[in-house]
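Me: I have a structure open here and would like to talk it through with you. Could you start with how the chains meet, and then go on to the helices and the loops?

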Amino acid sequence: MNIDWTLAGSVIFSGLVIVFAVLLILIALVIICSKITAAISNGAAKKAPPSANKPTNQPKKPAAPAATNQPAMAAQGEEDEIAAVIAAAIHCM
Amino acid sequence: MWERFLETIRDLALDSGFASVSGGQILMILISFVLMYLAIKKGFEPLLLLPIAFGMLLANLPVAGLSSYDEGNLIYYLYQGVKLGVYPPIIFLGIGCMTDFGPLIARPSSFLMGAAAQLGIFITFVGALLLGFNPQEAGSIGIIGGADGPTAIYTTSILAPDLLGSIAVAAYSYMALVPIIQPPIMKLLTTKKERQIVMSQLRPVSKLEKIVFPVAVTVLVSFIVPSAASLVGMLMLGNLFKESGVVDRLNKTAQNELMNIVTIFLGTTVGATATAERFLGITPEDNLLLPSTWAKIVTSDTIKIVLLGLCAFALGTAGGVLFGKLMCWATKGKVNPLIGSAGVSAVPMAARVSQKVGQKENPGNFLLMHAMGPNVSGVIGSAVAAGVLISVLG
C-alpha cells in the first residue's frame, strides 16, 4: 500500500485550517456588519421627529403591567419556533 | 413463410434483453427496487433517492443502452449537466432561497460548530486512503461527511466520476438516517446536565444584515477558495433573492420549478451511472452462482464507500458535539453542546434531531432555532471543504 502521507497530511491540515480560517473571518465580518447596521439604525432613529415630548395634558395611559412583557416575550419566542417549524416543513416539501 | 416467421421470432428473442442480461444487471435491478421501496415506503430522502433508484434501473436494463455512459441517449445528454458541474450549483440556488441565515447572524459563533463538523470529511479521507483508494477517490468519499448531497455530487463529478453512483446512494441514504445515526453519538459525548442547558433567546436580525450577509460571504469565500465559488455563490444568490424581497417571482421559481427540474435530471442521471460493473465491481462474465463473484461484490468499492460514509457521518457529528462542549465550557454553560451535532449540513433534519434530543431531557427546551445556526453554517463549511479538496486534489 503506497500512501503519500505528505499529501494526506497536507490535505487534512490545509483543509481544516482553511475551513476554520474562512469561518472565523466570516464571524468577524458578521460582527462588523451587525455593528455597522446597528449604528445606521440608531442614526436613523435619532433623526426621526422626537415623539417622546408630547404635551403633558394628554391623558396618561395606564402603565402596562410588567407581567404582560413575559407573555409577549414568550409569544415572540413561540412565534420564532413556529416560524422555524414552518420553514423546516417547507424545506422538506 | 412459416420458417420466415420462426426466424423472425428467433431473431427477436436473440435481440431481446432476456438473451443478453447478466447476473450483475439482475442484481442491480433488484437493488434499485430496494432503494425505491426505501424512498416510497420509508420516506428516505425520496426527492433524490427515487430518481436515483429509477436511474439505476434504467442503466441496468439489458441492451437498452440507457446508462449515463452510453452515448447518444437522453440520459447521456442530461448527464452532461452533472459532468460539467451545472446541476449541483443550481440546486444550491434553490436551497439558498429556502434558507434563513438569521440564527447564524444572530450568533456568529455557530460558524465554528459548522467548521468542527467537517472533521468527519478529513478523517474519512485518511480512512479511504488506508482502504486502497487513490487521493481523488478518497476526497470524494470523505465529502460524504459533509452531509450535503449536491456538494458530494459536485465534488465527486470532478474528482472521481466513476464513483458517482455509489457515493450518491451512500450520501442520500445516510442523510435520511441522520435521526438514527446522530442521537447515540450525541448522548455518548454529553452529560445529562449539558443536554438540559437552556440557551438565551437569539437577538433580532435586521433586514439590512440579512441582505449584506450573502453578498459579503460570496466575496470573501470566493476570494479565499475560488473552487468553492460556484456552490457558495449560487447558495448566496438564492438567499439574496429571498432576503431582498424584490424578486419574489425569481425566488419562487428558483425554489420550486427550477429546483424540481434539476433534481429530476440530477437524480436520474446520477442513478444511471450505477452500472453493475461500477457499482458491484463485477464483469458481465462473472457468474452470480459462484462464491468468488460474491466475494468480489462484498469487497467492492461500493461496500467500502458505504462503511466509510457511515464513519464520515459519525465523525462529523462527534466533531460538532465536541466543539459544542468546548463552547459550553468557554461560555460557562451558556451553549448547549447538542446544537454542535447540527453542524453536519443535513438541513433541517440535523437541527430537528438536536431539538428532539434536547427536549427528551428538558421538555421545555426549544433548541431548534439555536441549532439552525450551526446547521446552515455546515452548508457553507462543507462547500468550503469541497473547494479545498478540489483545489488540492483536482
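Me: How many residues of chain B are in contact with chain A?
Reply: In this predicted model, 43 residues of chain B are in contact with 33 residues of chain A.

Me: And which helices of chain B supply at least two residues each to that side?
Reply: Those helices of chain B are α8 (110-116), α9 (119-130), α15 (207-224) and α22 (368-393), and α22(B) gives the most to the side that touches chain A, with 11 residues.

Me: How do the residues of that side divide into nonpolar, polar and charged?
Reply: On the side of chain B that touches chain A, 32 residues are nonpolar, 8 are polar and 3 are charged.

Me: What about chain A itself, how many helices and strands?
Reply: Chain A has 2 helices and 0 strands, and of its 93 residues, 12% count as buried.

Me: Switching to α3 of chain B, what does its length look like against the expected one?
Reply: Helix α3(B) covers residues 23-40, which is 18 residues, and it reaches 26 Å from its first C-alpha to its last, close to the 26 Å expected at 1.5 Å a residue.

Me: Which residues in it are buried?
Reply: The buried residues of α3(B) are B:Gly24, B:Gln25, B:Met28, B:Ile31, B:Ser32, B:Leu35 and B:Ala39. Seen down the axis of α3(B), these buried residues fall within an arc of 115 degrees, so they line one face of the helix.

Me: What covers them, and what is on the face turned away?
Reply: The cover over the buried residues of α3(B) includes α4 (46-59), α12 (164-176) and α18 (276-280) of chain B, while the face turned away from the buried side carries the exposed residues B:Leu30, B:Val34 and B:Tyr37.

Me: Since α11 came up, at what angle do α10 and α11 of chain B pack?
Reply: Helix α10 (residues 135-142) and helix α11 (residues 149-159) of chain B pack at an angle of about 175 degrees, with their axes 9 Å apart, which means that α10(B) is roughly antiparallel to α11(B).

Me: Which residues meet there?
Reply: From α10(B), B:Gln136, B:Gly139 and B:Ser140 meet B:Thr155, B:Thr156 and B:Leu159 of α11(B). By class, this contact of α10(B) with α11(B) has 1 nonpolar, 5 polar and no charged residues.

Me: On to backbone geometry: what is phi for B:Glu45 and B:Val63?
Reply: Most residues other than glycine have a negative phi. B:Glu45, however, has a positive phi of about 40 degrees, and phi of B:Val63 is near 70 degrees.

Me: Where do they lie, and are they buried or partly exposed?
Reply: B:Glu45 lies in the loop between α3 and α4 of chain B, and B:Glu45 counts as buried because it has 24 C-beta neighbours inside 10 Å. B:Val63 is in the loop between α4 and α5 (74-83) of chain B, and with 13 other C-beta atoms within 10 Å, B:Val63 is partly exposed.

Me: Last one, which peptide bond is cis?
Reply: The bond from B:Val347 to B:Pro348 is cis, with omega near -10 degrees, and B:Pro348 is found in the loop between α20 (301-330) and α21 (349-361) of chain B.

Key: Residues are numbered from 1 along each chain as its sequence is written. Chains are lettered from A and ligands numbered from 1 in the order in which they are written. This is a predicted model: local features need pLDDT of at least 70, side-chain atom pairs count only at pLDDT 80 or more; totals for chains, interfaces and linings use all residues. Two residues are in contact if their C-beta atoms, placed from the backbone, lie within 7 Å. Helices (H or I, at least four residues) and strands (E, at least two) are DSSP runs, numbered from the N terminus. Ala, Val, Leu, Ile, Met, Phe, Trp, Tyr, Cys and Pro count as nonpolar, Asp, Glu, Lys and Arg as charged, and the others, Gly among them, as polar. The expected span of a helix is 1.5 Å times one less than its number of residues. A residue is buried if 20 or more other C-beta atoms lie within 10 Å of its own, exposed if 12 or fewer, and partly exposed in between; C-beta atoms are placed from the backbone. The arc is that of the directions from the helix axis to the C-beta atoms. Axes are lines fitted to C-alpha atoms, for helices over the stretch in contact, and angles run from 0 to 180 degrees between N-to-C directions. Angles under 35 degrees count as roughly parallel, over 145 as roughly antiparallel, 65 to 115 as roughly perpendicular and the rest as oblique.
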